Structures are given as structure tokens and as C-alpha cells.
Amino acid sequence: MSRANAKAQPKVQAKASAPADVAQQLELRPGQSIALLKALHILTRDGKLNQDSRRKLKQVYHLYQFIEPLLAELSAGEHAVTLADHGAGKSYLGFILYDLFFKPLGRGEIYGIETRAPLVESSQQLAAELGFDRMEFLNMSVADSTRADFMPGRFDVVTALHACDTATDDAIAFGLEKQARAMVLVPCCQAEVAACLRQGKALSLSRTPLAELWRHPIHTREMGSQITNVLRCLYLESQGYQVTVTELVGWEHSMKNELILARHTGQKKRSAAERLRAILGEFGLGEALAHRYPNLPASA
């Protein structure tokens with residue numbers, strides 16, 4: 001379904017925001033639309049919140065706490081912020097960002113990018129029903145969206161909440177190509193580096209005792225995830241971003257919990273590029289992962 005067709009459907013006015021006592025009981029943010037939460041199946045028809053939905057809402061709200069100050073800063077001076085949400089899924093994050101920030105602000109656009117067509121279609125329909133006119137949903141991969149000529153040339157904010165495996169790397173590439181002023185990333189299901197470590201394990205064990213850190217399969221997976229995120233952070237720093245790494249929520253809510261916040265400063269760190277290369281060399285990843293860092297400056 002195209003956005004144009006979705007917009008042509010009759011709009012269903014969103015119900016009023018939750019009363020203060022209800023919002024407090026359900027731990028909702030002020031101004032949150034009950035109709036939206038029911039449409040997203042976070043709330044049941046009778047307005048209840050089960051434990052699984054509470055965890056999902058808690059994750060999105062925690063992420064909103066990090067993103068809202070960025071949006072407020074970037075929208076100063078009547079600027080219309082553009083935000084790309086990669087691996088959007090059911091677009092929980094995009095819809096709540098629009099409901100709590102973009103809708104009351106009256107300007108700015110959100111692009112949800114997702115490879116599963118049924119999810120894109122349902123998000124298009126819901127946006128039309130709620131009158132969220134400045135939301136666009138695209139059925140394509142993150143990599144394809146980077147090359148799409150109908151996309152804006154620049155984006156202010158790039159988000160990727162639990163984008164699986166290399167989709168987070170694609171989101172970073174998108175952000176660099178679109179000169180994003182901020183990126184908010186929660187990686188998930190990382191396998192690329194672990195596969196490389198597994199392939200060269202025998203050679204590594206004979207070369208250095210540090211290979212014991214990934215000799216056992218479960219350690220290979222964990223080590224691969226750790227290295228992947230360290231390399232991502234170094235790459236962002238080498239490209240002029242200030243990077244902060246923290247938890248999204250408590251580990252009892254989600255094991256996919258590492259939050260990478262990157263804000264563009266324009267100050268490219270040469271030391272970050274050098275350390276990135278050194279880590280690739282130390283773990284024998286240089287050839288396998290060279291395509292991930294096309295903007296890495298040439299070594300001195």
C-alpha cells in the first residue's frame with residue numbers, strides 16, 4: 001500500500017490522551033494517546049497493560065528519554081527535524097516519537113524503514129487512521145534506503161532499535177551518507193564478527209593466549225558482539241562523532257541492552273581510526289570487514 005493510498009482513507013480521530021490518574025497508574029508519559037497504544041497492542045481493548053507490553057513500553061520510553069532532548073535541540077529555530085527509524089518493525093518507537101514530540105510540535109518527518117511488507121502496510125494504515133501525516137513507511141532494506149534517490153539528502157537523526165546483525169552497520173552507513181547530526185543505536189543479534197573469529201580460531205589459539213577469550217562457542221558469540229560494538233564506536237569517532245555507550249534499560253527487561261549514542265561534532269579522531277585498524281589486525285578481521293569502514297582514512 002502506498003502512502004498516498006493510505007492517506008486517502010478516512011481518518012479516525014485519536015482518542016484523548018490518558019487522564020492523569022490513568023497515565024500515572026500505567027506509567028504513561030504525559031500526552032500519550034491511549035488510542036495509539038491500543039492500536040499498537042501495547043494496551044488491551046479495556047486499557048490494561050500486561051507484563052510483556054510493559055517491558056516493551058519501558059524500553060521505548062527509556063529510548064525516548066535519550067532522543068527527546070536531541071530532537072528539542074535540533075528543532076530549535078523552527079527547523080523541521082527529519083528522523084529515519086531503521087528496522088522499524090511495528091514502528092513502536094516511530095509512532096510514540098511522533099505522538100509525544102512531532103505531533104505537538106507541528107513540524108518534522110519520520111521515515112520508518114522495514115523489510116517486512118505486512119508490517120509496513122499496517123503502519124501506513126495506522127498512520128492514516130490517526131492522522132499522523134508526516135510519517136512515511138518504506139518497504140526496503142537499510143542499505144537500499146541509503147541509495148534511494150527519493151529520500152531526503154540529509155537526515156537529522158538516525159535510530160535503529162534492535163536492528164539485527166549487520167543492519168546496525170547499515171544504519172551507521174546511512175547516517176554517515178545522510179550527514180546525520182545524531183545516531184541512536186541499540187544493536188541486536190550480531191553474528192558477522194563471531195563467524196570470522198570462529199573461522200580463524202585454530203590459528204589464533206596457536207598464535208596468542210588471548211584467543212582463549214573466544215575458544216568456547218558461547219564466548220565466541222559474546223566476544224564477537226563486544227568487538228563489533230567497539231569497532232562501531234571507533235568508526236563513528238573517526239568520522240567526527242562524540243560517542244557515549246550506556247544501558248538502555250535494566251538487564252531484567254532485555255539482554256539486547258547496549259545503547260550507542262553518537263552526536264556529530266565534526267572533530268574526527270585520528271587515534272580512533274588507528275585503534276580500529278589495530279584491532280582489526282590483532283583479531284585477523286581486516287580483510288573480512290574492510291567493506292564496513294569505507295570512510296576510514298588511509299593509514300599514515
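The following exercises, each with a worked solution, concern a predicted model of one protein.

Residues are numbered from 1 along each chain as its sequence is written, and side-chain values use heavy atoms, with hydrogens and water left out. Local features need pLDDT of at least 70 and side-chain atom pairs count only at pLDDT 80 or more, whereas totals for chains, interfaces and linings use all residues.

**Exercise 1. The overall composition**

Determine how many helices and strands the protein has, and what share of its residues is buried.

Solution. Step 1: the secondary structure comes to 13 helices and 7 strands. Helices (H or I, at least four residues) and strands (E, at least two) are DSSP runs, numbered from the N terminus. Step 2: of the 300 residues in the protein, 48% are buried. Buried means under 20% relative accessible area, exposed over 50%, and partly exposed in between (1.4 Å probe, protein chains only). Step 3: among contacts with a separation of 6 or more, 72% are between residues 24 or more positions apart. Contact means heavy atoms within 4.5 Å.

**Exercise 2. The sheet**

Solution. Two strands pair if DSSP finds at least two bridges between them. Step 4: β1 and β2 run parallel and are joined by 5 bridges, with T82 opposite E109 in β2. Step 5: β2 is largely enclosed by the rest of the structure, because 5 of its 6 residues are buried.

**Exercise 3. Strand β5**

Describe how β5 pairs with β4 and state which way its side chains point.

Solution. Step 1: β4 (residues 157-164) and β5 (residues 182-188) pair in the parallel sense over 7 bridges. Step 2: within β5, V184 is the bridge partner of T159, and P187 is that of A163. Step 3: in a regular strand, side chains alternate between the two faces of the sheet. In β5, A182, V184, V186 and C188 point one way, while M183, L185 and P187 point the other way. Step 4: 7 of the 7 residues of β5 are buried, so the strand is largely enclosed by the rest of the structure.

**Exercise 4. The nonpolar cores**

Find which residues touch the most other members of the largest nonpolar core.

Solution. Step 1: a nonpolar core is a set of buried Ala, Val, Leu, Ile, Met, Phe, Trp, Tyr and Cys residues joined through side-chain atoms within 4.5 Å. Step 2: the largest core has 45 residues, and M183 and L236 touch the most other members. Step 3: helix α11 (residues 217-238) supplies the largest share of this core, 7 residues. Step 4: beyond its neighbours within four places in sequence, M183 contacts residues including V158, L176, L236, Y241 and I260. Step 5: a second, separate core has 44 residues, among them I42, I96, F102 and L126.

**Exercise 5. Helix α4**

Solution. Step 3: buried residues of α4 include L57, Y61, Y64 and L71. Their cover includes α3 (34-39), β1, α5, β4, β5 and β7 (258-264).

**Exercise 6. Two contrasting residues**

Decide whether S123 and Q267 are buried or exposed.

Solution. Step 1: S123, in helix α6 (residues 117-130), is buried, with a relative accessible area of 2%. Leaving out residues up to four places away in sequence, S123 touches G89, K90, S91, F95 and F137. Step 2: Q267, in the loop between β7 and α12 (270-282), is exposed, with a relative accessible area of 60%. With the same exclusion of residues up to four places away, Q267 touches E237 and G240.
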